[in-house]
Amino acid sequence: MAKMKFFRDFDKEEAWLNRMAADGLLLTKAGLRYQFEPVTPGSAVVRVDYQPSMPQSDFDDYLTLFADSGWRHLDGSRLGGPQYFASTSTNANTEIFSDEASKAQRYRRSLIAHGGVLLMFLVFSLSAWPLDLLSVSPREWYLTEGLWDMQGAQFLGAFLFETIFVIFRVGVPLAPPVISLYCAVVIAYQAVLYRRATATQTV
Amino acid sequence: MARNPRLPLTETVYYILLALLQPAHGYLIMSRVEEMSAGQVRLAPGTLYGALDNLVKQRLIGRVPSEDPRRKVYQVTDDGADVLAGDTERMAHMIEAYQQAQRG
């Protein structure tokens with residue numbers, strides 16, 4: 001059982017995963033394509049943390065602390081990203097954060113991680129700005145002679161055939177600016193979520 | 001006397017430092033804090049992990065050798081012990097001030 005979803009809001013993601021768990025589907029693999037296994041409906045609570053990349057020994061210690069307190073790791077890479085946990089049957093607690101301030105720090109860690117990626121791809125983008133591609137009309141990305149004068153099936157065949165090559169020729173140089181833009185959007189969005197999460201705290 | 005700028009500590013940090021006067025790994029810290037606070041402070045793992053990370057960065061606690069490679073062991077540093085004592089004094093003074101006010 002798999003579903004395609006895209007989340008950058010940990011609270012919304014958690015809520016969705018818990019609705020799935022309440023219906024008897026527990027997360028096994030996260031990402032764009034979420035995979036589930038059948039379980040007794042409502043038998044587990046799912047929680048999401050965010051951690052940056054860390055050495056294997058740190059990751060072992062991190063997972064052991066959660067395991068000791070009754071949380072089974074469902075998915076998540078030691079190379080950084082969201083970490084998914086399910087409460088085990090012996091666990092009476094339903095939260096992995098005992099205060100709102102530390103819960104809000106998930107967004108801060110994610111912001112910093114995306115900031116690092118943004119910086120790296122901005123450097124790539126600026127050092128190899130695909131000016132030659134961006135300054136011409138997309139028609140000129142196609143190199144087949146007389147392509148745009150062809151008709152009907154001949155045009156369609158030649159167009160689709162070359163599109164495969166255009167995706168690589170144009171896609172690769174355009175990737176750094178596109179990834180930079182993506183990171184910038186995620187940072188802006190999560191900054192709003194972080195502010196909202198910290199604003200609800202009292203002194 | 002100039003007051004340590006790290007004061008006052010939060011309740012969570014105070015109890016973590018108190019638990020780490022003796023070396024302990026994460027889960028042992030949780031149980032000690034729960035016991036010492038008479039069940040009032042129950043740390044969740046995500047919160048404790050973040051707090052330990054911050055306290056190490058602030059050099060109030062440090063890693064000590066662990067027999068178990070899957071569980072890091074921490075203990076307060078000299079700085080950490082000083083801050084803990086300073087905050088205890090601060091609170092003792094508050095209690096004294098309260099009692100004096102009560103007596104009028």
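Hi everyone. A helix here means a DSSP run of H or I at least four residues long, a strand is a run of E with at least two, and both are numbered from the N terminus. With that settled, please keep in mind that what you see is a predicted model.

Let me start in chain A, with helix H1, residues 10-22.

A:Phe10, A:Glu13, A:Leu17 and A:Ala21 are buried in H1(A). Viewed down the axis, the buried residues of H1(A) fall within an arc of 75°, so they line one face of the helix. As a reminder, an α-helix has 3.6 residues a turn, so residues three or four places apart point the same way. The face of H1(A) turned away from the buried side carries A:Lys12 and A:Arg19, which are exposed. What covers the buried residues? The cover includes strands S2 (25-29), S4 (46-52) and S6 (80-87), along with H3, all of chain A. And just after H1(A) comes A:Gly24, with a positive phi of about 95°.

Staying in chain A, let me pick out one residue of strand S6, namely A:Tyr84. Is A:Tyr84 buried or exposed? Our cut-off for buried is 20 or more other C-beta atoms within 10 Å, and A:Tyr84 has 23, so it counts as buried. Leaving aside residues up to four places away in sequence, A:Tyr84 touches A:Leu27, A:Ala30, A:Val46, A:Val48, A:Leu74, A:Asp75 and A:Gly76. There is also a pairing across the sequence: A:Tyr84 and A:Arg47 are 37 residues apart along the chain, but their C-alpha atoms are 5.9 Å apart in space.

On to chain B. It has 4 helices and 3 strands, and from the N terminus on the elements run α-β-α-α-β-β-α. Along the principal axes, the C-alpha atoms of chain B fill a box of roughly 55 × 30 × 20 Å. Of the 104 residues in chain B, 33% are buried. If you take the contacts in chain B with a separation of 6 or more, 47% of them join residues 24 or more positions apart.

For those of you who like to check backbone torsions, there are a few stops in chain B. The peptide bond from B:Leu7 to B:Pro8 is cis, with omega near -5°, and B:Pro8 sits in the segment before helix H1 (11-19) of chain B. Next, B:Ala38 is not a glycine, yet its phi is positive, about 55°. You will find B:Ala38 in the loop between H2 (26-36) and H3 of chain B, and it counts as exposed because it has 7 C-beta neighbours inside 10 Å. Then there is B:Arg59, also not a glycine, with a positive phi near 60°. B:Arg59 belongs to the loop between H3 and strand S2 (61-64) of chain B, and it is exposed, with 11 other C-beta atoms within 10 Å.

That brings us to H3(B) itself. Its 13 residues should span 18 Å at 1.5 Å a residue, and the end C-alpha atoms are 18 Å apart, which agrees.

Last topic: the interface. Here 19 residues of chain A are in contact with 16 residues of chain B. On the chain A side, helices H2 (56-68) and H3 (100-127) each supply at least two residues. The largest share of that side, 8 residues, comes from H2(A). By class, the chain A side divides into 6 nonpolar, 7 polar and 6 charged residues.

So what does H2(A) meet? The axes of H2(A) and H3(B) come within 9 Å and cross at roughly 145°, and the crossing is right-handed. A:Tyr62, A:Leu65 and A:Phe66 in H2(A) meet B:Pro45, B:Leu48 and B:Tyr49 in H3(B). This helix contact has 6 nonpolar residues, no polar and no charged.

Technical notes. Residues numbered from 1 in each chain as written. Chains lettered and ligands numbered in written order. Predicted model: local features only at pLDDT ≥ 70, side-chain atom pairs only at ≥ 80, totals over all residues. Contact = placed C-beta atoms within 7 Å. Nonpolar A, V, L, I, M, F, W, Y, C, P; charged D, E, K, R; others polar. Expected span 1.5 Å × (residues − 1). Buried ≥ 20, exposed ≤ 12 C-beta atoms within 10 Å, placed from the backbone. Arc of directions from axis to C-beta. Axes fitted to C-alpha atoms, helices over the stretch in contact; angles between N-to-C directions. Left-handed = near helix turned anticlockwise from the far one by under 90°.
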